[in-house]
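Subject: Structure handover

Hello,

I am passing this structure on to you. Please open it and keep it beside this note.

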Amino acid sequence: MSPVLVILKKEWTDLRRHHLLMLSMLVPALVFLVLPFVLAILIPLLDPSSLNDRDVRRMLELLGRAEPELKRLDPLVVLHIYIFRQFVLMFLLVPILGALSIATYSIVGEKQNRTLEPLLATPITTTELLLGKSLAAALPATLLVWLTFGLYVLGIRALSPPEVLPRVANPVGLSLIFLIGPLVAVLSLGLGVIVSSRAKDPRTAQQVGVVLILPIVALFIMQMRGFFSLNVQWVFASAIVLLGLDVIVLKIGARLFERETILTRWA
Amino acid sequence: MIATKGLTKAYDGKVAVEALTMEIRSGEIFGLLGPNGAGKTTIVRMLAALVAPTGGEAVIGGYRLGEQDAAIRRIVGIVTEAPGLYERLSARENLEVYARLYGVTDVARQVKKYLRLLDLWDRQDEPVGTFSKGMKQKLALARALVHEPKVLLLDEPTSGLDPQMTRVVREFIADLRGQGRTILLCTHNLDEAERLCDRILVLKTRPIALDTPEALRRRLFGRRVIVTLAEVTERILERVRALEFVRDLQHQGQQLHIALADPERENPHLVRALVEAGAAIQSLAEEEHSLEEIYLRLIEEEAAAYQAEAASAR
C-alpha cells in the first residue's frame, strides 16, 4: 500500500472515532440543510402574511428585475427559489469548516500527542505525508458538501413546487458546489497547514477559518440585499482566483512541511 | 554499525552537539549519558535522519547520513521519550500503520509477532487511549521493531514507568542484544545503563568520555581494596607502606583503603604481610564505585575544564 494511502486510511479511521470532530463537521451541514426549508416552507405555512412583508416583497422585486421570467411565477415559488439559491452559497462553509477542522486537528493533534517524531522517522517523504493529510481533509469535506447538496436537491424536489429545482440546481448552483466547493476546501486545508505550524492547539488554528468564512458570508448578505447576483461568469472568475490562491497556499504549506522544521520548530 | 566523525549540530548558532566521534559495533548496547540539554536527543534525531547535522559525518549500517537518509530510516527503529501513539487506534492498528509505512511485506505476521512478544495480544483491538503508560511504552517498542531494524534508538525508554514495568522493558531490551541488533540507549537512569550497556558515552554537548563502565571506573578511581582489621597499629601501617606494589594507603578507623594495580595478583601478598604484622583481618573487599559516581566525577571535571577554558579565553 502506498504511504499516501496508509496515511489516508489512518486519518479516516481516527476521524471516524473522533466524535466531536465529526459533530463539528456535520452540525453546520445539517443547519444549512434544514434552515432554508424552515424559512421557505414552514414560515409561510405558519404565517401566510409573511409573503406581504416589505423586505420579502423587495427581494422578490429584485429577483424579478434580474430574471423577468420569474415575474410570471407564483410569489411563493419565487420565494422558494430565492431562499434555496441563497443557501447554496452558504453550503460553501461546509467544506471550509470541514477541511479546516480535519487539517488542523490532523497536524496540531499530532503535535499535541507527540506522534510526529516516530511518524517522520519512517521512510515516508514529507510530500507523501502532506498529500495523505491533505486528501484526508479535503475529500471528506468535499464529499460532505456534495452529499448535503444531494439531500438538498431531494428535499427541494419533494417539498417545493416543480418550478423551483431547475432554478436552484442551475449552472450557477452546480458550479458553486462542484467547482468552488473543492477549491475552497483545498484553500482551507492549505491555510490550516500553514497556521498549524505555529498553533499549539487545533482550536487556535481553526480561527484562521474566519478569513475564509467572512467573504462567503459577505457575498451571502450582499446577494440577499440585492447588491449583486451571482452568475456563471462570476463563479468561473472566482474559480480562477481560488485556483491561484490554492497553488500559492499549498506551496507555502509544503515549504513549511519539512522534517526538521516540523520537529524542531513546530513542536 | 554506526560511525560518526566530528558530528555537530547547531540550532540558530547555538551548538547542541559538538564534534561527536564514535563507533558503535554491531550487536552492541551503547549508552548515551548526560545531563538535560546535553544533546542526547539531538544525536538520536540525527542518527534517525530526522534532523541534518551542521557539521561532520555519519555512516549508519553502511549508509551515509545526508545522502541515503531514506535507506537509513528503513534500517533504524526509534522509541521516543513519549510513546507517541494514536490513541483512538487500537494496538494492532497502530502497528499496522507503521508496518505498512516501513514497507513490511507480511504485515499481519509481524504485527502478531510483536503483540505476542510484548504481551499485548489479548488487548490488540482496544484503543491505545485505554492503555497504561507501561503498556504504551511496550507498544512503542513493538512499533520500533515491527520492521526488524538493524539499529534501535531508544530515548529514555523507561522514563516515568513503575519499577515493575521498568524491569519488563529493561529485560526486553537485554533480550534484543542476543538478536544481534545494535542499540543506542539514551538514559538518565544510571543503574539501567550499568546493567544494559556494553559501553557508554558521557557527554555534555561535546563528548567527555567513552568506554566500558569498568574501564572508566578504573581510569577515574583506580582499584582499591578495603581491609577491615580488629585493630590498626603503627606496625601494620608501616608494613603495608613498605610493600612495593601498594600505590596509596588511607586509614579510617579499623579500615585500610589500599590502592593496588592488580588486586587479583597482589591480594595474597598483602594478606600475608598483614598477618605477619600481627593483623587480625575481619574482611577484605574491593572498593565499589557506582556508575553514578563515575558520571558525576566526569561531569564535574568537564565543568572545571570548561571554566578553565573560558578563563584562558578571557
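Predicted model: local features only at pLDDT ≥ 70, side-chain atom pairs only at ≥ 80, totals over all residues.

Residues are numbered from 1 along each chain as its sequence is written, chains are lettered from A and ligands numbered from 1 in the order written, and side-chain values use heavy atoms, without hydrogens or water.

Chain A overall

Chain A has 13 helices and zero strands. Helices (H or I, at least four residues) and strands (E, at least two) are DSSP runs, numbered from the N terminus. The C-alpha trace of chain A spans about 65 × 35 × 30 Å along its principal axes. Of its 267 residues, 52% count as buried. Buried means under 20% relative accessible area, exposed over 50%, and partly exposed in between (1.4 Å probe, protein chains only). Take the contacts in chain A with a separation of 6 or more: 84% of them join residues 24 or more positions apart. A contact means heavy atoms within 4.5 Å.

Aromatic rings

Over all chains, the structure holds eight aromatic pairs. Rings of Phe, Tyr and Trp (its six-membered ring) pair if their centres lie within 6.5 Å; planes under 30 degrees apart are stacked, over 60 edge-to-face, and the rest tilted. One of the pairs is A:F37 with A:Y152, which is edge-to-face, at 5.8 Å centre to centre and 80° between the planes. A:F37 lies in helix α2 (residues 19-46) of chain A and A:Y152 in helix α7 (residues 126-159) of chain A, so this pair ties together parts 115 residues apart in sequence. Both A:F37 and A:Y152 are buried.

Helix α5 of chain B

This helix covers residues 133-145 of chain B. At 1.5 Å a residue, its 13 residues should span 18 Å, and its end C-alpha atoms are 19 Å apart, which agrees. The expected span is 1.5 Å times one less than the number of residues. Twelve of the 13 residues of α5(B) are buried, so the helix is largely enclosed by the rest of the structure. Among them are B:G134, B:M135 and B:L145. What do the buried residues of α5(B) pack against? In chain A, the partner is α6 (116-120). In chain B, the partners are β6 (76-79), α3 (91-101), α4 (107-117), β7 (151-155) and α6 (163-177).

Best wishes
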